Amino acid sequence: MSNYSPTEKLKVEIIEHTALITIDNPGANTWDSESLSGMRELIANLNADKNIYSLVITGAGEKFFSAGADLKMFASGDKAVAQDIGLKFGQAFEALADFRGVSIAAVNGFAMGGGLECALACDIRIAESHAQLALPEAKVGLLPCAGGTQRLTALVGPGWAKRIILCGERIKADKALSLGLVEEVVESGKSKEAALALAAQVAQQSPVSVTFCKELIHKPREAVMPQGLLLERERFIQLFDTLDQKEGVNAFLEKRSPEWKNA
């Protein structure tokens, strides 16, 4: 354990010039207010340490990278809670996307909702063969509020983004590779090792060059992405004025099918 992370839900180990971050929130590595605020602070601490050139983020255990937001936070339908958590999600994953070095997601299992959005905010994704990826927020009356609609579309194009988000399609690792949603698939149990090996390659480049190059690669989307990210959060908060939001979340928590009101 290092002093980079303010929360036990994000474990950090420094391996030469790489920070290995493990999402550790049993049992599905869900995100909550503590871990989201912690991610923002953690990235700031890594950015301040010139000895860190890359980061790898993975999930504790063998089943979940991260199952996304802890939906219990949204059961009440409280709009103020939605606004607070939506902002924390945005700040956490925008900080991750803007990390000055190279970020690699080692997707060691299910990456759902905010879990996939975390991986989408990274520069590179390596998935294990049993991993499954989805943005199922609309199934519970919500929407991806942490870059999902914007970053997924940028990676896979509008057609597949619509299948995944609007149709609730869950993507297996080999399909994700063919779509460009992940850059590599490795056998089960090997994603962390593969990600750390790739991160070690980063140290062979000039850290300053890497930072400048990443900035230039991100440049074309800076014209439109910030507006999309803001609108995404606004629409997420507006869902808390609907009957479907409360029905969707509570149906999920009660393990029943939702009865949509379309209102």
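The buried residues of helix α4 pack against α2 (79-97), α3 (114-120), β9 (171-172), α5 (173-179) and α8 (225-238). Buried here means under 20% relative accessible area, with exposed over 50% and partly exposed in between (1.4 Å probe, protein chains only). Helices (H or I, at least four residues) and strands (E, at least two) are DSSP runs, numbered from the N terminus. The model is predicted: local features need pLDDT of at least 70, side-chain atom pairs count only at pLDDT 80 or more, and totals for chains, interfaces and linings use all residues. Residues are numbered from 1 along each chain as its sequence is written, and side-chain values use heavy atoms, with hydrogens and water left out.

The buried set of α4 includes G148, L152, W160 and I165. Helix α4 (residues 148-165) has 18 residues, yet its end C-alpha atoms are only 9 Å apart. A straight helix would reach 26 Å at 1.5 Å a residue; this expected span is 1.5 Å times one less than the number of residues. The helix bends by about 125° at G157. This bend is the angle between axes fitted to the seven residues ending there and the seven starting there. A proline, P158, follows within four residues. G157 is itself among the buried residues of α4.

Strand β7 (residues 124-128) is mostly covered, with four of its five residues buried. Strands count as paired if DSSP finds at least two bridges between them. Strand β5 (residues 102-107) runs parallel to β7 and is joined to β7 by four bridges. I104 has I124 as its bridge partner in β7. Strand β10 (residues 184-186) also pairs with β7 in the parallel sense, over three bridges. Here V185 of β10 is the bridge partner of A127.

S191 is found in helix α6 (residues 191-202). S191 counts as buried because its relative accessibility is 1%. Its side chain makes a polar contact with the side chain of E128 (2.7 Å). A polar contact is a pair of N or O atoms within 3.5 Å; within protein, one must be able to donate a hydrogen and the other to accept it, and residues adjacent in sequence count only if both atoms are side-chain atoms. Leaving aside neighbours within four places in sequence, S191 is in contact (heavy atoms within 4.5 Å) with residues including T58, N108 and V186.
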